[in-house]
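Please examine the sequence and the three-dimensional structure shown below.

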Amino acid sequence: MPLPAPVSRLCRRLFMAGLLAFAVPATAAAQLTIRIDDPNFEPLPIAIVAPQASNDDERSTAGRIAGVVTANLEGSGLFRAIDPSAFVQRDGSEVLAPRFNDWKGIGAEALITGRVFHRTNGDIRIEFRLWDVATGRQLVGRRLETGRANWRRLAHKMSDAIYRRLTGESGYFDTRVVYVAESGPVLKRVKRLAIMDQDGANHRFLTNGKNLVMTPRFSPSAQEITYLEFVGEQPRVYILDIDSGQREIVGEFEGMTFAPRFSPDGNRIVMSLARDGNSEIYAMDLRTRATERLTRHPAIDTSPSYAPDGSRIVFDSDRSGRQKIYVMNADGSGVRRISNRPGRYATPVWSPRGDLIAFTKLEAGAFFIGVMQPNGEGERILAQGYLAEGPTWAPNGRVLMYYKKPRGGTAQLYSIDLTGRNERPMSTPEDASDPAWSPLLED
Amino acid sequence: MKPPKNTAKKQPPKAVKKPPARKDPLDSVFKTVGKLKQSQQSDRDRTAARTPAGVKTAARGLRLTLSEIQAVRRQIQPCWNFPAGAQNAGALRVRITIWLNRDGSVRDAKILDGADTSRNAKLRAAADAGIRAVNNPRCSPLKLPPEKFDQWKVLTIDFDPSKLSSE
């Protein structure tokens with residue numbers, strides 16, 4: 001749901017103060033230099049103080065916002081929230097004038113303070129500051145405002161601002177995930193599209209389960225989803241507007257259709273179409289509805305995904321005899337195989353920041369989720385399972401979501417960061433597969 | 001801006017713990033560890049070759065020894081935290097000059113020029129991580145021989161995460 005206009009304006013109001021201006025003259029370079037090249041990856045200890053409030057209602061909101069921010073930052077694996085019971089300065093004076101020695105004393109390296117207001121127009125306003133404890137500098141100062149029902153988005157935006165300042169990369173908390181929810185007996189499986197915030201909140205179903213659905217994918221605006229729905233035996237490609245619920249058929253194609261996905265500019269959909277038993281990659285212009293065939297090979301070509309600049313497409317193909325990953329130019333020229341290791345590779349997805357391609361790999365009876373560079377180098381396996389499939393990128397390209405199913409168990413969504421060390425299960429009301437992570441939501 | 005207030009010197013000496021020997025937590029993930037170890041070694045070799053020429057000595061025999069330099073490296077390293085999974089880590093190298101008190105506590109720390117942290121959010125975050133490392137009470141005061149104070153009263157710490165680069 002879009003935030004009201006005032007919020008949009010306020011979101012851009014950045015009260016940066018004391019921006020670091022620490023440059024010193026080059027003469028210092030003559031001193032002894034000691035090089036350190038092996039950083040740690042321990043979570044940064046951060047103190048998240050519940051925003052100050054002046055009545056019980058506001059205190060309740062403040063506590064919930066602090067809870068969401070804490071869960072977001074800790075869930076990223078990059079931060080460790082310090083237990084509030086250890087806080088020394090807790091009389092409200094920390095909002096504007098933290099006693100940094102008190103915060104150093106409990107091991108905090110960053111500190112978040114703020115105030116929350118319930119306004120008479122029904123809005124919530126939060127003013128918050130991020131402080132660097134070692135130097136006493138204010139790193140971020142912002143004011144955000146929204147309707148009370150939207151308080152979670154306010155907490156997500158606050159989390160994104162803190163994450164962005166401390167990591168230098170954009171956040172991914174104000175986002176949603178769409179996936180296929182599955183229920184019922186094996187022979188009469190009901191599959192519905194469902195959507196939720198990235199932290200599992202605000203869950204709802206988007207389709208009624210009458211028809212089988214597959215492969216939901218977000219548009220670049222995060223407002224629309226393209227997916228496959230089977231009407232009888234026939235798959236159709238739909239576009240669904242999330243908020244209005246309005247949907248339209250993109251096309252009914254002769255033969256089978258698979259894996260539709262938007263281009264980065266949102267003007268095209270790329271997919272595979274199987275005709276006469278031969279699956280090829282096609283792109284469709286959403287304005288003219290004209291389709292263009294991009295691959296011409298008797299092998300099965302499928303799972304296309306655009307590079308973020310739209311110039312290239314990654315896909316998988318069994319043209320070498322086994323399923324491998326290939327990259328081609330967006331017009332279908334210059335096809336080049338990039339995966340050269342043993343095993344079958346499928347569902348390649350280009351990272352939103354362009355530096356990596358995520359994939360599913362099947363080797364020696366086990367499934368793996370991994371990443372490699374677009375030239376095929378630097379393959380790293382991040383997760384594995386009896387069945388693990390369908391990676392999707394968070395918009396900042398540092399976290400992946402996928403689904404995993406243990407032998408005899410139920411399918412569940414998981415997120416994992418690029419180190420492969422921070423794997424977290426997502427809680428969903430039904431079995432869950434085929435997730436797609438939205439871009440950052442627009443104001 | 002005023003130099004950060006020094007709290008480290010208020011710490012009792014026993015608060016200075018020798019950092020535990022650390023295994024790179026990503027060893028199990030990144031496949032390039034072998035190469036990295038090599039580069040680390042070659043860095044030490046380079047430092048060894050460079051140090052005598054790079055230090056103005058007041059008197060023969062008062063230069064910092066390699067083991068003293070290595071001790072500083074080992075002391076600061078545990079406090080240098082870098083966001084895991086950063087893109088193009090090689091571009092996020094930051095040099096920070098520190099001014100030290102005689103007791104080894106950090107009086108001031110500034111980013112050496114050349115790092116355009118005002119326009120590059122990633123570099124700014126990396127620079128902040130370096131500033132946090134040298135100011136962290138867990139890793140300060142630096143244990144250095146007082147008789148060689150002139151040698152180490154100003155040091156430049158070169159935080160170089162380039163071996164993490166996946167490019």
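This is a predicted model: local features need pLDDT of at least 70, side-chain atom pairs count only at pLDDT 80 or more; totals for chains, interfaces and linings use all residues.

Residues are numbered from 1 along each chain as its sequence is written, chains are lettered from A and ligands numbered from 1 in the order in which they are written, and side-chain values use heavy atoms, with hydrogens and water left out.

Chain A contains 4 helices and 30 strands; these elements are DSSP runs numbered from the N terminus, helices being H or I with at least four residues and strands E with at least two. Its C-alpha trace spans about 75 × 60 × 45 Å along the principal axes. The radius of gyration of chain A is 24 Å, which agrees with the value near 22 Å that a compact globule of 443 residues would have. That radius is taken over C-alpha atoms, and the globule rule is 2.2 Å times the number of residues to the power 0.38.

Of the 443 residues of chain A, 58% are buried. Here buried means under 20% relative accessible area, exposed means over 50%, and partly exposed lies in between, with a 1.4 Å probe and protein chains only. The accessible surface of chain A is about 17,500 Å², and carbon and sulfur atoms account for 49% of it; such areas come from the Shrake-Rupley method with a 1.4 Å probe, and for residues only the protein chains shown count as cover. Among contacts in chain A with a separation of 6 or more, 46% involve residues 24 or more positions apart, a contact being heavy atoms within 4.5 Å.

Chain B has 4 helices and 3 strands, arranged along the sequence in the pattern α-α-β-β-α-α-β. Of its 167 residues, 53% count as buried. Chain B exposes about 8,400 Å², of which carbon and sulfur atoms supply 52%. For contacts in chain B between residues at least 6 apart in sequence, 75% join residues at least 24 apart.

In soluble globular proteins, nonpolar side chains tend to be buried together. A nonpolar core is a set of buried Ala, Val, Leu, Ile, Met, Phe, Trp, Tyr and Cys residues joined through side-chain atoms within 4.5 Å. The largest such core has 101 residues, and those with the most contacts inside it are A:Leu73, A:Ile162 and B:Ile98. Helix H4 (residues 151-167) of chain A gives the most to this core, with 8 residues. Leaving aside residues up to four places away in sequence, A:Ile162 touches residues including A:Leu73, A:Ile112 and A:Phe128. A second, separate core of 15 residues includes A:Leu206, A:Phe218, A:Ile225 and A:Leu441.

Some backbone details complete the account. A:Arg289, although not a glycine, has a positive phi of about 65 degrees. A:Arg289 is placed in the loop between strand S16 (278-285) and strand S17 (291-293) of chain A, and at 34% relative accessibility it counts as partly exposed. A:Asp434, also a residue other than glycine, has a positive phi near 55 degrees; A:Asp434 lies in strand S30 (residues 431-437) of chain A and is buried, with a relative accessible area of 14%. In chain B, the peptide bond from B:Ser140 to B:Pro141 is cis, with omega near 0 degrees. B:Pro141 belongs to the loop between helix H3 (121-135) and helix H4 (149-152) of chain B.
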